[in-house]
Amino acid sequence: MLNLAGYAVVGIALVIALLNFYLSFGDSIVQRLLNQPQRHISGLPGIGTALLVLGSICLLGSGALPYLIATQLLLDTGGVLWLAIVLSWNYCVSGSR
């Protein structure tokens with residue numbers, strides 16, 4: 001039962017990650033193609049990562065867990081990994097050393 005709940009929670013986290021990814025990259029492309037003004041919508045930052053942690057606890061020992069975690073972390077632009085990437089990029093580009 002705990003295994004099924006873990007997959008459900010990680011599935012919801014993946015849906016949120018896809019939503020965040022679309023809002024970060026896909027929405028701006030669609031707006032540009034339709035000649036609409038650019039707007040930024042942040043999605044659900046942090047919620048996908050929190051659900052991933054909760055689902056991972058439920059799925060400890062599962063064979064598919066590493067693949068689900070990697071997929072979710074790469075797609076969730078509102079998560080901790082993307083925050084670290086953006087902060088590192090801004091630090092390197094700004095020339096602050």
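Helices (H or I, at least four residues) and strands (E, at least two) are DSSP runs, numbered from the N terminus. This is a predicted model, in which local features need pLDDT of at least 70, side-chain atom pairs count only at pLDDT 80 or more, and totals for chains, interfaces and linings use all residues. Residues are numbered from 1 along each chain as its sequence is written, and side-chain values use heavy atoms, leaving out hydrogens and water.

**View 1. The chain is made of four helices and zero strands.** Welcome to the overview: starting at the N terminus, the elements run α-α-α-α. The C-alpha trace spans about 50 × 40 × 20 Å along its principal axes. The radius of gyration (taken over C-alpha atoms) is 16 Å, while a compact globule of 97 residues would be near 13 Å, by a rule of 2.2 Å times the number of residues to the power 0.38. Of the 97 residues, 27% count as buried, that is, under 20% relative accessible area with a 1.4 Å probe and protein chains only.

**View 2. Helix α4 covers residues 80-94.** How far does helix α4 reach from its first C-alpha to its last? Its 15 residues reach 21 Å, close to the 21 Å expected at 1.5 Å a residue; the expected span is 1.5 Å times one less than the number of residues.

**View 3. Phe21, Phe25 and Trp82 form one aromatic cluster.** Searching the whole structure turns up two aromatic pairs. In one of them, the ring centres of phenylalanine 21 and phenylalanine 25 are 5.0 Å apart and the planes stand at 55°, so this pair is tilted. Rings of Phe, Tyr and Trp (its six-membered ring) pair if their centres lie within 6.5 Å; planes under 30 degrees apart count as stacked, over 60 as edge-to-face and the rest as tilted.

**View 4. Phenylalanine 21 and phenylalanine 25 both belong to helix α1 (residues 2-33).** Because the two residues are four apart in α1, about one helical turn separates them. An α-helix has 3.6 residues a turn, so residues three or four places apart point the same way. Phenylalanine 21 is partly exposed at 31% relative accessible area, and phenylalanine 25 is partly exposed at 34%; partly exposed lies between buried and exposed, the latter being over 50%.

**View 5. Confidence is highest in α1, at a mean of 86.** Helix α3 (residues 65-75) has the lowest, at 81. The chain averages a pLDDT (the predictor's confidence in each residue, from 0 to 100) of 83, and 98% of the residues score at least 70.
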